[in-house]
Amino acid sequence: MANIDAIVSVSGVSRAFGRKVAVDRADLTLSRGRILGLLGASGSGKSTLLRVISGLEPIDAGTIAIDGQIVSIPGRAVPPEARRVGMVFQDFALFPHLTVAQNIGFGLKGRTDRDATVAALLDRMRLADRGRAFPHTLSGGEQQRVALARALARDPAVVLLDEPFSSLDGALRAEVRDDLVQALRDSGASAIVVTHDAEDAMIMADDLALMEAGRVIQAGTPHELYTRPTSVAAARLLGPINLVEAEVRQGLATSVLGQNSTLLPDGAALMGARPTDIRLTKPEAGLPARVVSVGFSGAFHVVRATIGSHILSIHVTGQLPAVGDGIGVTTDPTPLLVLPLT
Ligand code: ADP
Ligand code: MG
């Protein structure tokens with residue numbers, strides 16, 4: 001744990017509820033000034049991991065350090081109010097009977113710098129003319145910024161956000177999300193943002209940790225995880241992927257899609273290509289395939305084509321084939337992914 005840039009270090013942390021292991025030997029590092037996305041399906045342990053970091057929940061194994069100080073070990077945990085963490089919850093959890101300024105200053109009672117801190121935060125969150133307003137009169141994006149300002153008021157080392165806009169949808173959601181990222185960047189805060197949405201996670205985060213069944217199965221930048229997942233579960237968490245069976249012999253994997261080198265042992269494996277990484281060619285210039293359907297999804301068309309006994313999903317932005325056409329497909333220049341069966 002010699003990472004001096006680490007603002008949050010989670011090492012081998014487990015948390016069970018009775019026999020249900022919600023977090024299972026998880027490792028996680030948040031670096032100073034960065035936004036870490038925690039992405040996983042519902043029930044994978046994201047909220048529990050956030051709650052043990054905040055101190056709302058004790059741990060059964062491992063250690064948690066915040067800004068170089070151990071805050072959780074089994075049997076001992078620094079309480080939330082004594083950790084330098086700010087929390088933003090899914091529904092913002094603003095106090096309805098308090099004004100915006102009172103909400104932001106709530107955790108600063110009795111401090112002489114309270115008014116100045118609140119004024120600075122109102123300014124920084126573009127809420128300067130909203131200080132006297134009550135939460136219900138604000139837009140979703142404004143409520144979000146008040147919740148974030150309140151979390152930032154006590155100068156936390158890290159801000160923890162649990163599905164901060166899952167209650168919103170459509171265009172408003174994208175707007176609030178982009179607004180939130182901007183506000184986090186402006187504040188210079190280090191943050192962990194929990195989400196179950198791959199697009200949200202990839203757009204918001206500098207670094208991502210993927211969770212499945214309580215474990216952090218892979219961590220890296222969004223681009224690394226999208227292009228080089230090490231498991232089918234990780235690959236699927238970040239978006240659609242075509243998978244076909246492959247055979248590994250002496251470091252070379254082979255499938256109907258082609259070949260690639262691998263460190264996997266001899267035997268059965270899977271080979272994968274994202275729908276965005278398959279291109280259509282003339283029949284003679286690629287692997288022979290036949291178009292079975294063409295659908296429009298807005299930004300691109302989805303062409304489905306058979307190759308051997310497989311159906312590939314291909315995202316196409318250029319010229320479209322017709323249903324029944326014989327086409328060629330190629331994955332060049334993107335390397336094929338070789339993944340273990342489980
Ligand atoms: P996520 O936030 O990824 O949806 P959670 O951390 O909320 O996942 O939950 C992970 C697992 O732990 C789930 O199976 C959930 O039912 C269980 N769990 C979470 N909190 C409790 C609790 N207080 N008591 C019992 N089981 C819990
Ligand atoms: Mg949750």
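Asp67 sits in the loop that links strand 4 (61-66) to strand 5 (69-73). The model is predicted. Asp67 is not a glycine, yet its phi is positive, at about 50°. Its relative accessibility is 32%, so Asp67 counts as partly exposed.

Ala213 lies in the loop between strand 10 (207-212) and strand 11 (215-220). How open is Ala213, buried or exposed? Ala213 is exposed, because its relative accessible area is 57% and the cut-off for exposed is over 50%. Most residues other than glycine have a negative phi.

## A cis peptide bond

The backbone has another feature to check, at a proline. The peptide bond from Asp332 to Pro333 is cis, and its omega is near 0°. Most peptide bonds are trans. Where is Pro333? Pro333 belongs to the loop between strand 20 (326-330) and strand 21 (337-339).

## The chain as a whole

The protein chain has 342 residues, and 49% of them count as buried. Its secondary structure comprises eight helices and 21 strands. The C-alpha trace spans about 75 × 45 × 35 Å along its principal axes.

Take the contacts in the protein chain with a separation of 6 or more: residues 24 or more positions apart account for 62% of them.

## Two domains

The chain is divided into domain 1 (6-84 + 156-232) and domain 2 (240-339). Over C-alpha atoms, the centres of domain 1 and domain 2 are 34 Å apart.

How many residues of each domain are in contact with the other? Eight residues of domain 1 contact six residues of domain 2. The two domains bury about 530 Å² between them. Carbon and sulfur atoms carry 67% of that area. On the domain 1 side, Tyr226, Pro229 and Val232 lose the most area to domain 2. Together these three residues make up 82% of what that side buries.

## Polar features of the interface

What is the count of salt bridges between domain 1 and domain 2? The count is zero. Polar contacts do occur: two residue pairs are in polar contact between the domains, both at pLDDT 80 or more.

Helix 7 (residues 222-227) gives the most to the side of domain 1 that touches domain 2, contributing three residues. By class, that side of domain 1 has four nonpolar, three polar and one charged residues.

Asn260 is placed in strand 14. Its relative accessible area is 21%, so Asn260 is partly exposed. Which residues does Asn260 contact, leaving aside neighbours within four places in sequence? They are Gly251, Leu252, Ala253, Met271, Pro335, Leu336 and Val338. The C-alpha atoms of Asn260 and Leu336 are separated by 6.3 Å, although the two residues are 76 residues apart along the chain.

Thr262 is found in the loop between strand 14 (258-261) and strand 15 (267-273). Its relative accessible area is 14%, so Thr262 is buried; the cut-off for buried is under 20%. The Thr262 side chain reaches the backbone nitrogen of Leu264 at 3.0 Å. Not counting residues up to four places away in sequence, Thr262 touches Val248, Gly251, Leu252, Ala253 and Val338. Gly251, Leu252, Ala253 and Val338 are also among the contacts of Asn260.

## Val316 in strand 19

Val316 is part of strand 19 (residues 310-316). Is Val316 buried or exposed? Val316 counts as buried, because its relative accessibility is 8%. Beyond residues up to four places away in sequence, Val316 touches Leu280, Phe300, His301 and Val303.

Arg34 is 282 residues from Val316 along the chain. The C-alpha atoms of Val316 and Arg34 are separated by 34 Å.

Technical notes: Residues are numbered from 1 along each chain as its sequence is written. Chains are lettered from A and ligands numbered from 1 in the order in which they are written. This is a predicted model: local features need pLDDT of at least 70, side-chain atom pairs count only at pLDDT 80 or more; totals for chains, interfaces and linings use all residues. Side-chain values use heavy atoms; hydrogens and water are left out. Domain bounds come from an automatic or database domain assignment. Contact means heavy atoms within 4.5 Å. Buried area is the accessible area (1.4 Å probe) that two parts lose on being put together, summed over both. A salt bridge is a side-chain nitrogen of Lys or Arg within 4 Å of a carboxyl oxygen of Asp or Glu. A polar contact is a pair of N or O atoms within 3.5 Å; within protein, one must be able to donate a hydrogen and the other to accept it, and residues adjacent in sequence count only if both atoms are side-chain atoms. Helices (H or I, at least four residues) and strands (E, at least two) are DSSP runs, numbered from the N terminus. Ala, Val, Leu, Ile, Met, Phe, Trp, Tyr, Cys and Pro count as nonpolar, Asp, Glu, Lys and Arg as charged, and the others, Gly among them, as polar. Buried means under 20% relative accessible area, exposed over 50%, partly exposed in between (1.4 Å probe, protein chains only).
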